[in-house]
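Let's take a walk through a protein model together. Have the picture open while you read.

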Amino acid sequence: MKPLGYVRAGSVEEAVAEFTARPGARYLGGGTNLMDLMKLGVERPTALVDISRLRLDTVEETADGALRVGATVRNSDLAAHPLVRDRYPVLSQAVLAGASGQLRNIATTGGNLLQRTRCSYFQDTGKPCNKREPGSGCGAREGVHREHAVLGHSPECIATHPSDMAVALAAVDARVELFGADGARTLPATEFHRLPGAHPERDTEIRPGELITGVVLPADTAGVPSLYRKARDRASYAFALASVAAVLRVEDGIVRHAGIAFGALAHRPWRARRAEEALLGAAATEDAFGRAVDLELEAAQPLRDNAHKVRLARNLAVDVLTRLAAPAIA
Ligand code: SF4
């Protein structure tokens, strides 16, 4: 029997103080991923700081026209919120593409960002894994890696980030709000998750003890046509082999804004900056989309068994951009 502490926080400040006072603690929101990992012995917290009752469960419009989504807003509530559906359909679609209805009813916005990779070697404590146990090796690199990264991986880790929601947040230029011992700060969603480098044990740029308090969806991308598509082995309740979130504004047949992010290709949502730069000011045609996406995917370094993901991502992205452009050039 392993003792496990538990405390329910009454405020954000109290949550951070309780976490800091209990080495080895974990925050508990919906717990959908944490509980699975505790059962597998991958996560072994000394205590749980329950943040699920904090007043972070609303979606609110800010004075500058942005939307602020609290960290404990449930995934189902986020996807169904009228303002999210109206202004950021890509986010609603991405959330609904993830997990199952039951899981979305309990999983939170903050927890979705912090979920761990589904690499099977990471989840098996009998296998080598640098992310779970730094220095033990990467079982997937020479093992089963059909679903692993093709962009930005390192000799130490080839895992992908499993979130659909985070891909949409990257495409719409969302920011992640954090609170810790040094106070509040925000990070662009595109910089919240890390590439693995030599330290795959660190998934994000979050500092020890920091708590996600919310996500801000900017006014700039509100109402801009957007779309999420995901390719997976079965039609529901499966993680992506590749996914694309895109925000595209076309005026008089010319691309005026493009935000494109790939999911399931890297250790973090992969913002396609090279493709976006190539498209700005270009004619919104399928050929131009194909050339821009090819430029982005030149950086891909597929492994022995996952080159199919590059082609899949390319086709998804061109299809998504072409669909988004169609009403503007019809
Ligand atoms: Fe571990 Fe990353 Fe290798 Fe998977 S890919 S076994 S998570 S080090």
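## Before we start

Helices (H or I, at least four residues) and strands (E, at least two) are DSSP runs, numbered from the N terminus. This is a predicted model, where local features need pLDDT of at least 70 and side-chain atom pairs count only at pLDDT 80 or more, while totals for chains, interfaces and linings use all residues. Residues are numbered from 1 along each chain as its sequence is written, and side-chain values use heavy atoms, with hydrogens and water left out.

## Two alanines with positive phi

Most residues other than glycine have a negative phi. Ala99, though not a glycine, has a positive phi near 55 degrees. Look for Ala99 in the loop between helix H5 (89-96) and helix H6 (101-106). Ala99 is partly exposed, at 36% relative accessibility (buried is under 20% relative accessible area, exposed over 50%, partly exposed in between, with a 1.4 Å probe and protein chains only).

Ala264 also isn't a glycine, and its phi is positive at about 70 degrees. Ala264 sits in the loop between strand E11 (254-263) and strand E12 (270-271), and is buried, with a relative accessible area of 8%.

## The nonpolar cores

A nonpolar core is a set of buried Ala, Val, Leu, Ile, Met, Phe, Trp, Tyr and Cys residues joined through side-chain atoms within 4.5 Å. The largest one has 51 residues, and Leu91, Leu113, Leu169 and Leu217 touch the most other members. Helix H8 (residues 165-171) gives this core its largest share, seven residues.

Apart from that core lies another, of 35 residues, among them Val150, Leu279, Leu297 and Val318.
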